Amino acid sequence: MSDIMKPLDFCLFDFATVKTSEQTWQMARAEGTLRQGDIRLECVDSGVSTDIYLTADTSAVEWVRLRWNQPLPKQVKILGDAWERGYGDLEWRGISANRILPWYFLACAQERQYGFGVRTQPSALCYWQVDTRGITLVLDVRSGGEGVILNGRRLKAAELVCMEAPGTDAFHFAQDFCRLMCPNPIFSDVPVYGSNNWYYAYGDSCEAEILNDTDYVLELTKGAENPPFMVIDDCWQEHHRLDEYNGGPWRCGNSKFPDMAGLAQKLVQKGVHPGIWVRLLLNEDASIPDEWRISYNGCLDPSHPGALEYIKEDVRRICGWGYKLIKHDFSTFDLFGRWGFEMNPFVTHGGWHFHDRSLTSAEVVKTLYQAIYDACSPSNTIIIGCNTIGHLGAGLMHANRTGDDTSGRNWERTRRMGINTLAFRLPQHGTFYDVDADCVGIAGNIPWNLNRQWADLIAESGTPLFVSAKPGLLTPAEMEELRAILVKASAQSCHKIPMDWTETDCPEVWEDADGQIIYNWYDPAGTTLESNDSLFHITIPLQ
C-alpha cells in the first residue's frame with residue numbers, strides 16, 4: 001500500500017447543491033449537517049472514509065452536488081473510470097471541466113499522485129469533475145429518471161475516499177487506491193479461461209458445435225495446469241431468434257439445444273467446466289405481470305419482489321442444470337436504456353421510475369446483483385458480469401467484462417476496445433474482481449500475428465483468457481503457439497502491466513518481474529476506421 005495521505009478534507013466542502021423535483025437549493029461552506037425544509041445532508045468522518053448521508057421526508061430528491069474549491073496543479077494528467085464498460089475511450093488526459101469521471105479519478109503531477117473516489121457498492125450513481133479551480137462530485141440518487149422518495153429513511157449515499165502519495169509509479173498507486181475503494185472483493189477458486197464461440201458463430205450454433213468446440217479447446221490445453229471452461233453464449237435459449245431476439249424465457253433450450261442439463265453433463269464428462277450466457281431482464285414470457293416490468297421498455301424491474309424472485313428462480317434453474325459459470329449480460333442497458341457512451345452525464349433519461357420509488361437506481365442495481373449472487377452461492381457458481389456497473393458489482397461478481405465487445409471480424413474493434421480496457425482497468429484486477437477484457441476472435445478475418453499478440457497479452461497480464469477459435473483455421477504451427485498461450489493462461493501466474501499507459505491509449509510496452517514485451521498493434525498501412533455516429537460524447541448540463 002502506498003504511503004497514504006489525505007489531500008482533501010471532504011467534510012469541508014465549499015458548496016452543496018441539492019436538486020428535488022420542485023426546487024434547487026444551494027448552501028455555501030459548512031461542516032456537519034445541512035438542513036433545508038425536510039431535507040438533511042450530513043458528512044460524517046468515519047476514519048477510513050467520509051460518509052455522505054441524505055434524509056428526506058416527502059421531497060423527491062434527484063441529485064446532490066458537492067464542490068471543493070481546492071485545485072490540483074495545472075500540469076496534472078487525469079485518468080477516470082467508466083459508468084459500465086469502457087468503449088475504447090479510457091486515457092490519461094489534462095484537465096477538462098466537461099469531462100465526466102464516473103466513480104473515481106487518478107491524477108499525476110510533479111511526482112505526486114492523487115486518488116479521489118467513492119468506495120464500491122455506493123447507494124448513489126456518482127461522478128467527478130475537475131477544473132482548474134477545484135473538484136466537484138455529483139451523486140445521482142434518482143429512482144430511475146425521477147427523484148427518490150426516501151420517506152424519512154437515512155440513506156448512506158456514498159463513502160468518499162482520497163489518497164496522496166509521492167512518486168511516479170501510477171499503476172501501482174492505482175492498484176492501491178482500488179484496494180482502498182473495495183473492502184470486500186470476491187474471486188473464483190480456480191483460474192477462469194477457456195472457450196466461447198461467440199466471435200466466430202455469432203449466435204448461430206448448436207449442441208454438436210459446442211461439443212466440437214469443447215474437443216478443440218481440450219486439444220489446445222493439453223498439459224494445462226487447470227481445466228478450461230466451455231461457455232455457451234447467446235444461441236441456446238427457448239425463444240432465440242437469430243439477429244432479432246436474444247431474451248428469455250430461460251426455462252429450457254431450443255431445438256438445437258434439446259437438453260441443457262444433459263449438455264452440461266456431457267461437458268463435464270469431456271473434462272471442462274460448463275459455463276453459460278444469459279440476459280435476465282429481457283423476457284417475453286407472457287405470464288409475467290405488467291407490474292413486474294419497467295414502464296418505459298418492458299424489461300423486468302428488480303425493485304418489484306415478484307420480478308426479483310422470478311429472476312432468482314431463473315438463475316437457480318441454470319445452476320441446477322450443472323453450469324458452473326454464469327455470464328449475465330445487458331442488465332445496465334435493460335435497466336436504463338442507454339449504453340455507457342450515451343450516459344453523459346446521467347445514466348438514464350427522465351420521466352420514469354422504478355416500481356419501488358423509495359430505492360435509488362444504485363440500490364436497485366445492487367439488489368439485482370445480490371439476488372444473482374445469492375442464487376449462485378449454494379452451487380459455488382462463478383459470476384461474470386457483462387454490461388454491468390463494476391463499481392456496484394464489486395463484491396457480488398467474481399469477474400467483470402470491463403470493455404465493449406471485441407471482434408472476430410474487425411481488428412480495429414479489438415484493438416480499440418480490448419487493449420484499451422485491459423490496460424486502463426487492469427488496476428481493478430485482483431482488487432475489485434477479475435478483469436475480463438473479452439475474447440480473442442479467431443474466425444479467419446484477422447491476421448494471426450495480431451490475434452496471437454492479443455491472446456499473449458491477456459495471458460501475460462494474468463487475466464481471464466477466452467478464445468473464440470473456429471476449428472480448422474489455424475495451421476499446426478499456429479495451433480502450437482495458441483496452445484502455449486492457453487497453457488500459460490491456465491495458471492494466471494504472469495502479471496505484466498502497461499508501462500506506457502500515460503503516453504498512449506493503446507499501450508505497447510508491458511512488463512513484470514520476468515521481463516518486458518513490446519507489442520505492435522498496428523498494420524503497416526495504418527488504422528482503418530469506419531463511421532459510427534452513435535459514439536458521441538457530450539455533456540448535458542445539470543438543470
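**From a hairpin to the pocket**

Author: Start at Asp512, whose bridge partner in E26 is Gly515. This is a predicted model, where local features need pLDDT of at least 70 and side-chain atom pairs 80 or more, while totals for chains, interfaces and linings use all residues. Residues count from 1 along each chain as its sequence is written, and side-chain values use heavy atoms, with hydrogens and water left out.

Back to that bridge: strand E25 (residues 509-512) and strand E26 (residues 515-518) run antiparallel and pair over 4 bridges (DSSP must find at least two for strands to pair; strands are DSSP runs of at least two residues, helices of at least four). E25 and E26 make a hairpin, with 2 residues between them.

Now the rings. There are 27 aromatic pairs (centres within 6.5 Å; stacked under 30 degrees, edge-to-face over 60, tilted for the rest). One of them is Trp236 with Trp250, tilted, at 5.5 Å centre to centre and 50 degrees between the planes. Both Trp236 and Trp250 sit in the loop between strand E16 (229-232) and helix H4 (260-270), 14 residues apart. Trp236 and Trp250 are each buried (under 20% relative accessible area with a 1.4 Å probe, protein chains only). Then take Trp352 and Phe354: the ring centres are 4.9 Å apart and the planes meet at 75 degrees, so this pair is edge-to-face. Trp352 has 2% relative accessibility, so it counts as buried, and Phe354 is buried too, at 0%. Elsewhere, ring pairs tie Phe10, Trp68, Phe105, Phe116 and Trp128 into a cluster.

On to the largest pocket, with a volume of about 710 Å³ (the space filled by probe spheres set on the grid points). A pocket here is an open set of points on a 1 Å grid where a 1.4 Å probe fits, with protein on both sides within 12 Å along at least five of seven lines; lining residues have an atom within 4 Å of a point. Its lining has 37 residues, and Trp198, Tyr199, Tyr202, Phe330 and Asp405 lie nearest the centre. Helix H2 (198-201) and helix H9 (411-425) supply at least two lining residues each. By type, the lining splits into 14 nonpolar, 9 polar and 14 charged.

The charged end of Arg279 is over Phe330, 3.9 Å from the ring centre (CZ within 6 Å of the centre and within 35 degrees of the ring normal). Arg409 lies over the face of Tyr202, at 3.8 Å from the ring centre.

Technical notes. Nonpolar A, V, L, I, M, F, W, Y, C, P; charged D, E, K, R; others polar. Phe/Tyr/Trp six-rings, centres within 6.5 Å; stacked < 30°, edge-to-face > 60°. Buried < 20%, exposed > 50% of the residue type's maximum accessible area, 1.4 Å probe, protein only.
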